[in-house]
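Please open the model in your viewer and keep the selection tool at hand. The tour below goes from one selection to the next and says what is found at each stop.

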Amino acid sequence: MRLLRIVPDNTKFRIVHWRRLAYPFSAAYSVLVLVLFLTVGLNFGIDFRGGTLMEMQAKSGKPDIAQVRQTANSFGFGEVEVQEFGNAGDLSMRFALQPGGEVAQQAVVTKARAAFAEAYEFRRVETVGPRVSGELVQAGTLGVVLAIIGVLVYLWFRFEMQLAIGAIVGTMHDIVLTMGFFLITQLEFNLTSIAAILTIVGYSLNETVVVFDRTRELLRRYKTMPIPELLDLSVNSTLSRTAITSTTTILALVALVFFGGTAIEGFALVMLFGVMVCTYSAMFVSTPVLLYLDVRAGRLDQSEELAEAKARV
């Protein structure tokens, strides 16, 4: 029985050559992310903004969104966001945070149930107060910052300086592009999104470490091979492993997107995008950076010093 191979053995793709397209693309995308962040902003979920979120399903037929929006706005709780999601018949209502504490938030739920319980089934009701949402913002931000600092410290001690800088560039690149996905799609940014970003950081680190470990090994073995050829060899020699890892992960995430339900759909979509970005980054962003960092100079100097020391002895 022949084994399935996603990538043939002994590939000779000129990966480093494609940096001339990859770098302008990543740079333009990063600028777009910055512009969208300053102008549009993230679509913060109920976890961070506070307020009341209700998810309902029509008991029969297609929901009349215009009618639901008109009725909800007549409650006097401010502008209400009403939109369809998931399967046919599903819709969500988001009420802004009401002054008056928990009693005011509960009044929103009570009035909505009285108005819509006959035609709709309430699947999810979630209320977050101002204090809780503020604490979640602080905790989520602190968690992401500490995780990124921890990863950067690990990379700095895991590799020599040039390799560490290349890995750091790749990790930060993946975070920026993932944030761009939230900004472009306006996917709800909540605590699940924080979990997705931290998972993507770990996946990015894993992809980069595999390639750079091979790069370091080849630097010791081929001391005179031109750097572009050596970097291409590093990526090609790990390409089969990268393809298998990415493909199996993507298949699992696609299954979660279609069959995991609405609660996990956002997480799965972000992870699906993140896996593709991390794979692209490890090959076309992190590795070519080593071309500009003179990755061989320090190692050759050390080898020459060692040879001279042995000659003196």
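Which side chain meets Glu 217 in a salt bridge? Select Glu 217 together with Arg 214 in this predicted model, and you will find their side chains joined in a salt bridge, at 3.6 Å from N to O. Because the two residues lie three apart in helix 7, they are separated by about one helical turn. Glu 217 counts as partly exposed because its relative accessibility is 34%, and Arg 214 likewise counts as partly exposed, at 27%. Salt bridges with shared partners also join Glu 55, Arg 124 and Glu 126 into one network, which can be your next selection.

Now select Glu 207 and Arg 241, which form a salt bridge whose closest N and O atoms are 3.0 Å apart. This pair links distant parts of the chain, since Glu 207 sits in helix 7 (residues 191-221) and Arg 241 in helix 8 (residues 227-259), 34 residues apart. Glu 207 is buried, with a relative accessible area of 1%, whereas Arg 241 is partly exposed, at 27%.

Move on to Glu 121 and Arg 123, whose side chains meet in a salt bridge at 3.5 Å, N to O; Glu 121 is partly exposed, at 39% relative accessibility. A search of the whole structure finds eight salt bridges.

Val 153 is found in helix 5 and, at 43% relative accessibility, counts as partly exposed.

Terms used:
Residues are numbered from 1 along each chain as its sequence is written. This is a predicted model: local features need pLDDT of at least 70, side-chain atom pairs count only at pLDDT 80 or more; totals for chains, interfaces and linings use all residues. Side-chain values use heavy atoms; hydrogens and water are left out. Helices (H or I, at least four residues) and strands (E, at least two) are DSSP runs, numbered from the N terminus. Buried means under 20% relative accessible area, exposed over 50%, partly exposed in between (1.4 Å probe, protein chains only). A salt bridge is a side-chain nitrogen of Lys or Arg within 4 Å of a carboxyl oxygen of Asp or Glu.
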